Amino acid sequence: MPDADRATQEPETETAVAAASASGPAFALPGGDLRLARRLDPIARATLLRVIQHTHGNGYVKRALLQRQTLKLRNGHEVGVASSAAATANLRSEAEQALRRLLDLWAIDVPAFDTTIKTTWARYGPADVISGADLAPLTAAITRNENRTLANEVANNFLYLSLPGGRGVGEGMQNDPGDVKAVQNALIAHGFLAGPNAGGPMNDATKNAIKALKTSVAAGTYGLAARRPNERRNGGDPFAGGTYSVTGDPVTFTPRGQAERAQSKPLAVYVPGSAPADRNDVHVFFTPYSNPMAFVEEQGLRFEEEGSRFILIAVPGLAEDASPNWVTITTSDIQACLTAVRRSSTEIGAIRLSAHSRGHRGLERSLGLKGTATIDLAKVDRVTVFDASYRDLGTALTSHLKDLTAMQQPGKPGQLKAGAVNLYDVTVANVSGLPGRLLGSSAMRALAYVRFVAEAIERGDIAASSLSSLRADAKKDVQGATRRLIAKLPPRGMFSTRASTPAGHTDLPGWLAANAADLKLVDETTDGLDDFVASQGLDMGTSMSRDLTAHHWLVAELAHESVD
């Protein structure tokens, strides 16, 4: 292997998970500045939107001229379609989610929505098919959503804008020039409108792009599939407005046994609502996947980033046997991302670097290992690496410490300050020469299994009663252990490994120790959760080995510590 000093070979398998790329509060009325909603997290923004709608009604929405009346969902099912359609059409659970998304789009009034959910559809079970006249509220909302209009409040919610409330853009709307330009630029960034820049006045292309955005939101196809429950809302992606696919610098590499390739880097970007508008602090995450957006979705990194000041930029990785087998981040890559997401400036503030698995190679080379740094090292204030504490990492950091001024101990430029480097070690031995946090592989694997099961129950993919198939006897009560662990499991993103556990968080090493017996049971090779998770398809289709499971999923639990 290129790094002869590795004590353990890193797991290199890249899953075949396919993820769609996103092309990606306090009561504020009356008289409040609705632009403050931009600073709220996606769920809070949607809640505020409901309050505004309930107060102001749908006065911005004209009557529809078209009669679509159907929506095709991400899973291929349809809602709003005639009753003679396929058996998967108009399922109550999917129709209700669609109607909730249409409510967020102001395509149905709150009283009509409440009547539909609480009265008209009350007799239907989740898997029942809604039919006949009972479909009328849904088809009416779908039709109303066809209007080529967009209230500023709705634009703020779905495009992560900060426009003044009380007006809108589109057909027959006020079309304030500043509002139109902001919406056009956002529609360009998300791939609904041809760019590269806003053209100015309202035109048919912009109106059609507005309609396309609203249809995508209503169908639940806007943004990512968002399989983590805290990145989903009503079957849709509440983080889509801040999610972008960006093209970086060109790279040339040769996969094993193939011809040399040249292509531009695919970069995945998420701008949290909490990111200051006037400063560009960036968190660069070197992923192990050739499609970094797939990794962002799989690990739920956007939720982990929300609430921080950092703009996430995820970088692809290359296989061990590729030449070269790393992808760096450059200053021009970062600036291209800032331009693509319509930041007011491309000036870079602080930089935080994270890596998982094979992504460590890109991080090390970006720091200048065996060459020249590709970014301004003086801006780097923290490095976090998940289960890849190799010798080259230690070399890259210590040999460039004089340039990593933001990571130095004050008054002691030859030392790293506390918290500047965070290493999490599970299956890969730490040979970096730097201290790390050792987390047991069996316990972390068991935690991954329990999280898969808990989230599947929360999504409604499986019923809690399905756990009854697990072994439950005096010798091996795997079922009881699983239920106990689910009951004690903190929300994702709320574990901590800090010396002083932040308020509201749970100390991970302490939790693992306190639940060691139950974790051992669910990790048992013959009767544990491994086969249950795989047979139910709860691991996002990855079908990883036991070692790779322990190695891979700690990111979903601890990525927030990169930017906390």
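Guide: Angles under 35 degrees between axes count as roughly parallel, over 145 as roughly antiparallel, 65 to 115 as roughly perpendicular, and the rest as oblique. The model is predicted: local features need pLDDT of at least 70 and side-chain atom pairs count only at pLDDT 80 or more, while totals for chains, interfaces and linings use all residues. Residues are numbered from 1 along each chain as its sequence is written, and side-chain values use heavy atoms, with hydrogens and water left out.

Visitor: Why are helix 11 and helix 12 called roughly parallel to each other?

Guide: Helix 11 (360-367) and helix 12 (391-399), like every helix and strand here, are DSSP runs numbered from the N terminus (H or I, at least four residues, for helices; E, at least two, for strands). Their axes lie 9 Å apart and the packing angle is about 25°, where axes are lines fitted to C-alpha atoms over the stretch in contact and angles run from 0 to 180 degrees between N-to-C directions. The value falls under 35 degrees, and the pair is therefore roughly parallel.

Visitor: What is the handedness of the crossing of helix 11 and helix 12, and which residues make the contact?

Guide: The crossing is left-handed, a term for a near helix turned anticlockwise from the far one by less than a right angle (right-handed if clockwise). Leu363, Glu364 and Leu367 of helix 11 meet Asp392, Leu393, Ala396 and Leu397 of helix 12, contact being heavy atoms within 4.5 Å. By class, 5 residues of this contact are nonpolar, none polar and 2 charged. Ala, Val, Leu, Ile, Met, Phe, Trp, Tyr, Cys and Pro count as nonpolar, Asp, Glu, Lys and Arg as charged, and the others, Gly among them, as polar.

Visitor: Which residues of helix 12 are buried, and what covers them?

Guide: Asp392, Leu393, Gly394, Ala396 and Leu397 are buried. Their cover includes helix 11, strand 10 (380-386) and strand 13 (421-425).

Visitor: How do you know that helix 5 and helix 6 are also roughly parallel to each other?

Guide: The axes of helix 5 (residues 152-159) and helix 6 come within 11 Å and cross at roughly 30°. This angle too is under 35 degrees, and the two helices are therefore roughly parallel. Asn152, Ala155 and Leu159 of helix 5 touch Asp179, Val183, Ala186 and Leu187 of helix 6. That contact has 5 nonpolar, 1 polar and 1 charged residues.

Visitor: Why does histidine 560 count as buried?

Guide: Its relative accessibility is 4%. Buried means under 20% relative accessible area, exposed over 50%, and partly exposed in between (1.4 Å probe, protein chains only). The value is under 20%, so histidine 560 is buried. Histidine 560 lies in the segment after helix 19 (554-558). Not counting residues up to four places away in sequence, histidine 560 touches Glu304, Gly493, Met494, Phe495 and His505.

Visitor: Why is helix 8 described as largely enclosed by the rest of the structure?

Guide: Of the 8 residues of helix 8 (residues 292-299), 8 are buried, so the helix is largely enclosed. Among them are Pro292, Phe295 and Glu298.

Visitor: What makes asparagine 291 a cap for the N-terminal end of helix 8?

Guide: A side-chain oxygen of asparagine 291 lies 3.1 Å from the backbone nitrogen of methionine 293. A polar contact is a pair of N or O atoms within 3.5 Å, one able to donate a hydrogen and the other to accept it within protein; residues adjacent in sequence count only if both atoms are side-chain atoms. After helix 8 comes glycine 300, with a positive phi near 65°.

Visitor: Why does arginine 342 count as partly exposed, and why is serine 543 called exposed?

Guide: Arginine 342 has 28% relative accessibility, so it falls between the two cut-offs and is partly exposed. Serine 543 has a relative accessible area of 59%, which is over 50%, so serine 543 is exposed. Arginine 342 has a phi near 65°, positive in a residue other than glycine. Serine 543, not a glycine either, has a positive phi of about 50°.

Visitor: Why does glycine 200 count as partly exposed?

Guide: Glycine 200 stands at 30% relative accessibility, so it too belongs between the cut-offs. Glycine 200 is placed in the loop between helix 6 (177-189) and helix 7 (204-219). Leaving aside neighbours within four places in sequence, glycine 200 is in contact with Val180 and Gln184.
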